[in-house]
Amino acid sequence: MRKYLLVVVLVVAALFVFNACVAETQKPEEETPSTGSATAIYNAIEPLFSAATDSTVSAVVKGIVINAYSNVVQIEDLDGKAGLRVELAKGEELPEVGKVIEVGGTLKKYEKTNEGVVTFKMQDATYDVLDETATPVFNELDEAFFATDNNYKLNTLVEATGLITKVVTGKYPKFYMDIEVGDATKSVVLFSFDNDVKDWINTVGETYEGSNLYVKGYWSKYKDDWEIVARSSEDIPAMSK
């Protein structure tokens, strides 16, 4: 009888150890914590400064979405230091403006055709929306914005007050503005793809000629013109008056 009880105890103990081992091996693997591989846009771009035009590297960057259309996302560093045009891979949906994203793809130094400026973009990119918030930074214009080589300021948000020197109406309405940048006066164009802004310029734009106007938007270059591109009426406070 005692031998029988001893065998039962040993069997039960063996089953207990076996089940514990099985349970341990069946535990789900713990998620690997983020390695923090994403870097600021400027930090990813800077090594390409000395590289030849059309040089490429793989990169993962973090930034806040300031504009999105078609398959293009424009992002800037959380401190507003640098901006980047991101061309999404096929099938990627556009993220919401204002979201902080981590985006990876091929980072390229390239010359914008017929626009005389060497800048940077990311191609074939995929992204993840991060669980963090940030407030977009609007930069004041300085000489770095007008660089023709290694211009990392394109696709950043800017704000400025300028004197309206010329108003163009029609299909592509715009303001020509004189803006003080340091000790110099720079000619900058205010443009927009937004229909409300275009209608406003066509309707009342000429009444602003010779006046100062405060505007916001993202920094761009088209042919010979440096541009502030207003994304909507919210970038032109005068429209709400």
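Helices (H or I, at least four residues) and strands (E, at least two) are DSSP runs, numbered from the N terminus. What you have open is a predicted model, where local features need pLDDT of at least 70, side-chain atom pairs count only at pLDDT 80 or more, and totals for chains, interfaces and linings use all residues. Residue numbers start from 1 along each chain as its sequence is written, and side-chain values use heavy atoms, without hydrogens or water.

First stop: select Asn-150, in the loop between strand 7 (139-140) and strand 8 (157-168). Asn-150 isn't a glycine, yet its phi is positive, about 55 degrees. Its relative accessibility is 14%, so Asn-150 counts as buried (under 20% relative accessible area; exposed is over 50%, partly exposed in between; 1.4 Å probe, protein chains only).

Now hop to Asp-124, in strand 6 (residues 117-129). Here too phi is positive, near 50 degrees. Asp-124 counts as exposed because its relative accessibility is 56%. For context, most residues other than glycine have a negative phi.

Last stop: the largest pocket, with about 570 Å³ of space. A pocket is an open set of points on a 1 Å grid over the protein atoms alone, where a 1.4 Å probe fits, with protein on both sides within 12 Å along at least five of seven lines; lining residues have an atom within 4 Å of a point. The volume is the space filled by probe spheres set on the points, which are joined across faces, edges and corners. Select Phe-193, Tyr-218, Ser-220, Glu-227 and Val-229, the closest to the pocket's centre of its 27 lining residues. Then colour strand 11 (212-222), which gives the most to the lining, five residues.
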